[in-house]
Amino acid sequence: MTPTPADPIEPPERQLTQLSAPADRAAISELIDRYTVHLDEQDRNGFDATWVRSFFTEDCRLDFPIGGHRGLTGLAEFHHRAKQNFTATHHLSSNHLIGLDGDRADVRFQMIAVHLHPQAVRERAPVDPGALFKIGGYYEGETVRTPDGWRFSRWTFHVVWTDGVSPAELS
């Protein structure tokens, strides 16, 4: 169909934004998916301090119920320590909401995480080694476009519910 003089013609930068939006949303959703899987796999083959560069900006800010962290330095250790109370974890994400605004985007998605307690029973508060600690909540934050692709710059986890024995109850 040939445009008529009454049809608005989008400026080239707006046309480019409209064309790249689906690709940007897909790239950010893939970043979320990779992060979710990596939460369970990050140290399977030994501790790796470099994996965080694939997900976060140099000046990232994280706020979780277990504490916060700023910057890439020590961020892999922060994640590693959080998982030391468990034999295994299984994280599931859904409902990726992505609000694009040029080279940044607001992100929110649901998370359910299942944590398996270690096989060793603790003396002070014994727990069945097969017992699960489950968490439901959501992540929200900001991603930014970098030369290496989209990365999380601000990341917060909000707990909505828990079930089972938490590590805090065992200490």
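This briefing describes the sheet, the nonpolar core and selected side-chain contacts of one protein structure. The model is predicted. An open sheet of six strands is present, with mixed pairing, and the largest nonpolar core has 29 residues. A search of the whole structure finds eight salt bridges, several of which are described below.

**Sheet architecture**

- The strands of the open sheet follow the order β2-β1-β6-β5-β4-β3.
- At the edges stand β2 (67-70) and β3 (88-101), each of which pairs on one side only.
- With direction ignored, neighbouring strands of this sheet are turned by 15° against each other on average.
- Helix α2 packs on the sheet and touches β1, β2 and β3; the direction of α2 makes about 30° with that of β1.
- Strands β4 and β5 run antiparallel and are joined by 13 bridges.
- Lys134, in β5, is the residue that stands opposite Val114.

**Nonpolar core**

- In soluble globular proteins, nonpolar side chains tend to be buried together.
- Within the largest nonpolar core, of 29 residues, those with the most contacts inside it are Tyr35, Phe56, Phe64, Leu75, Tyr139, Phe152 and Trp155.
- At least two residues of this core are supplied by each of α1 (12-41), β1 (56-64), α2 (75-83), β4 (104-116), β5 (132-146) and β6 (149-163).
- Helix α1 provides the largest share of the core, namely five residues.
- Leu75, one of the core residues with the most contacts, touches Val52, Phe56, Cys60, Leu62 and His69 when residues up to four places away in sequence are not counted.

- Thr57 is found in strand β1.
- With a relative accessible area of 9%, Thr57 falls under the 20% limit and is therefore buried.
- The side chains of Thr57 and Asp59 are joined by a polar contact of 2.9 Å.
- Leaving aside neighbours within four places in sequence, Thr57 is in contact with Leu72, Val144, Thr146, Arg151, Phe152 and Ser153; among these, Phe152 also belongs to the core residues with the most contacts.

**Salt bridges around Arg145**

- Side chains of opposite charge can pair when their charged atoms come close.
- Asp24 and Arg145 meet through their side chains in a salt bridge with an N to O distance of 2.9 Å.
- Because Asp24 lies in helix α1 and Arg145 in strand β5, this pair ties together parts that are 121 residues apart in sequence.
- Asp24 is buried, at a relative accessible area of 8%, whereas Arg145 is partly exposed, at 35%.
- Arg145 also meets Asp103 in a side-chain salt bridge of 2.6 Å, N to O.
- Asp103 lies in the loop between β3 and β4 and Arg145 in strand β5, so this second pair ties together parts that are 42 residues apart in sequence.
- Asp103 is partly exposed, with a relative accessible area of 48%.

**Other salt bridges**

- The side chains of Asp163 and Lys134 form a salt bridge of 3.0 Å, N to O.
- Since Asp163 lies in strand β6 and Lys134 in strand β5, the pair ties together parts that are 29 residues apart in sequence.
- Asp163 is partly exposed, with a relative accessible area of 40%, and Lys134 likewise counts as partly exposed, at 26% relative accessibility.
- A network of salt bridges links Asp101, Arg104, Asp106 and Glu142.

**Surroundings of Arg25**

- Arg25 lies in helix α1 and is partly exposed, with a relative accessible area of 37%.
- Residues up to four places away in sequence not being counted, Arg25 touches Ile98, Gly99 and Leu100.
- From C-alpha to C-alpha, Arg25 and Val107 are 10.0 Å apart in space, while 82 residues apart in sequence.

Key
Residues numbered from 1 in each chain as written. Predicted model: local features only at pLDDT ≥ 70, side-chain atom pairs only at ≥ 80, totals over all residues. Heavy atoms only, no water. Core = buried A, V, L, I, M, F, W, Y, C linked by side-chain atoms within 4.5 Å. Buried < 20%, exposed > 50% of the residue type's maximum accessible area, 1.4 Å probe, protein only. Helix = DSSP H or I, 4+ residues; strand = E, 2+ residues; numbered from the N terminus. Contact = heavy atoms within 4.5 Å. Polar contact = N/O pair within 3.5 Å; in protein donor to acceptor, adjacent residues only side chain to side chain. Pairing = 2+ DSSP bridges. Axes fitted to C-alpha atoms, helices over the stretch in contact; angles between N-to-C directions. Salt bridge = Lys/Arg side-chain N within 4 Å of Asp/Glu carboxyl O.
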